[in-house]
Amino acid sequence: MTMPDLNLLVTLDVLLSEGSVAGAARRLKLSPSAMSRALARLRAATGDPLLVRAGRGLVLTPRALALRDQAARLVEEAGHMLRPFDDVDPATIARAFALRVTDGFVENYGPALLARLERDAPGVRLCFVQKVNKDSTPLREGLVDLEIGVIGEETGPEIRTRALFRDRFVGVVRGGHALASGAMTPARYAACRHVAVSRRGRERGAIDAALAPLGLERPVAVMVGSFATALALARTSDLVASVPERHTARLRDGMHTFGLPVATPAVTVSMMWHPRMEADPAHRWLRRWVYELCAGGPAGES
């Protein structure tokens, strides 16, 4: 079947609303002859005369009357489709968003995110998807809407990003631990048994690289895949956990936190999304909302 010329929809809408070839020509800035030719094409496309003479004027046929409201609605909807999206009212959003994040992010920022949702966007539902690597395939395939984390070599080149905050690593031990009192030195820090965090199973990282020039090496007793797990083990043992400060603020409640005695690079935590979601109004609102909550201050400040 041959696709009809959809440009005729606008002409049909104007003709049926005006009920006059001359009036439609004026609105569309066409000559009367061009408008008459357009009417002939519409008659051929619909199989109906649409406008017929009645005395000195024209009247709509029954088919034209039936089409008039429908044509107006279609032209209006097409106009909305082909113009930039305006900001969306969060109270009107009824949608589920999948966020790929770590357990620590959920525990630290989840309460503030959910409180804002309940207040401003009750129709929005969040699905937190566990982050086990930095591969961009879930974003690329539309399995998740937004990802929070540190940009890595596995992050796809097409992925859009926006920095949320800078974070630094700190040491954490249970209350009453030997490191909870006294001056912190590289030697004291390295003398304790540690819990290391690595999703790839790498036992050594930036902290070990900073200790090496001092002739020190921290003994790693156990390796885990998340900062939340590392803190849970340190809370009930003599192990030392080294974790991002802001990212684990709530998780460290009741524990002793200290600055690392060696310099390590700060990390930038960003949100990431696929370019196909760039202009989506609800997704734009989600990104702005996450940025305000996470970049504005510690978790819970909004």
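Student: Which element gives the most to the lining of the second largest pocket?

Tutor: Helix α4 does, with 5 residues. A pocket here is an open set of points on a 1 Å grid over the protein atoms alone, where a 1.4 Å probe fits and protein lies on both sides within 12 Å along at least five of seven lines; lining residues have an atom within 4 Å of a point. Helices are DSSP runs of H or I with at least four residues, strands are E runs of at least two, and both are numbered from the N terminus.

Student: What kind of model is this, and how are residues numbered?

Tutor: It is a predicted model, where local features need pLDDT of at least 70 and side-chain atom pairs pLDDT 80 or more, while totals for chains, interfaces and linings use all residues. Residues are numbered from 1 along each chain as its sequence is written, and side-chain values use heavy atoms, without hydrogens and water.

Student: Back to that pocket. What else is in the lining of the second largest pocket?

Tutor: There are 14 lining residues, and P4, L9, L12, A45 and T46 lie nearest the centre. Helices α1, α3 and α4 (62-81) each supply at least two residues. By class, the lining has 10 nonpolar, 2 polar and 2 charged residues. Ala, Val, Leu, Ile, Met, Phe, Trp, Tyr, Cys and Pro count as nonpolar, Asp, Glu, Lys and Arg as charged, the others, Gly among them, as polar.

Student: How do the axes of α1 and α3 cross?

Tutor: The axes of α1 (residues 8-18) and α3 (residues 32-46) come within 10 Å and cross at roughly 105°. That makes α1 roughly perpendicular to α3, a label for angles of 65 to 115 degrees. Angles run from 0 to 180 degrees between N-to-C directions of axes fitted to C-alpha atoms.

Student: Which residues of α1 and α3 meet?

Tutor: From α1, L8, T11, L12 and L15 meet M35, A38, L39, R41 and L42 of α3, where contact means heavy atoms within 4.5 Å. The contact divides into 7 nonpolar, 1 polar and 1 charged residue.

Student: New topic. In what order do the strands of the sheet with β4 come?

Tutor: The order is β4-β3-β5-β12-β6, an open sheet of 5 strands with mixed pairing. Two strands pair if DSSP finds at least two bridges between them. The edge strands are β4 (124-130) and β6 (160-167). Strands β6 and β12 (residues 267-273) are antiparallel over 7 bridges, and A163 has S270 in β12 as its bridge partner.

Student: Which helices lie across those strands?

Tutor: Helix α5 (residues 103-120) lies across β3 (95-101), β4, β5 (146-149) and β6, at about 180° to β4. Helix α10 (residues 281-295) lies across β3, β4, β5, β6 and β12, at about 10° to β6.

Student: And what is the order in the sheet with β9?

Tutor: That open sheet of 5 strands runs β9-β8-β10-β7-β11, with mixed pairing. The edges are β9 (220-224) and β11 (256-259). Strands β8 and β10 run parallel, joined by 2 bridges, and H194 has V240 in β10 as its bridge partner. Helix α9 lies across β7 (169-173), β8, β9 and β10, at about 150° to β10.

Student: What classes of residue make up the lining of the largest pocket?

Tutor: Its lining has 18 nonpolar, 13 polar and 13 charged residues.

Conventions
Parallel < 35°, antiparallel > 145°, perpendicular 65-115°, else oblique.
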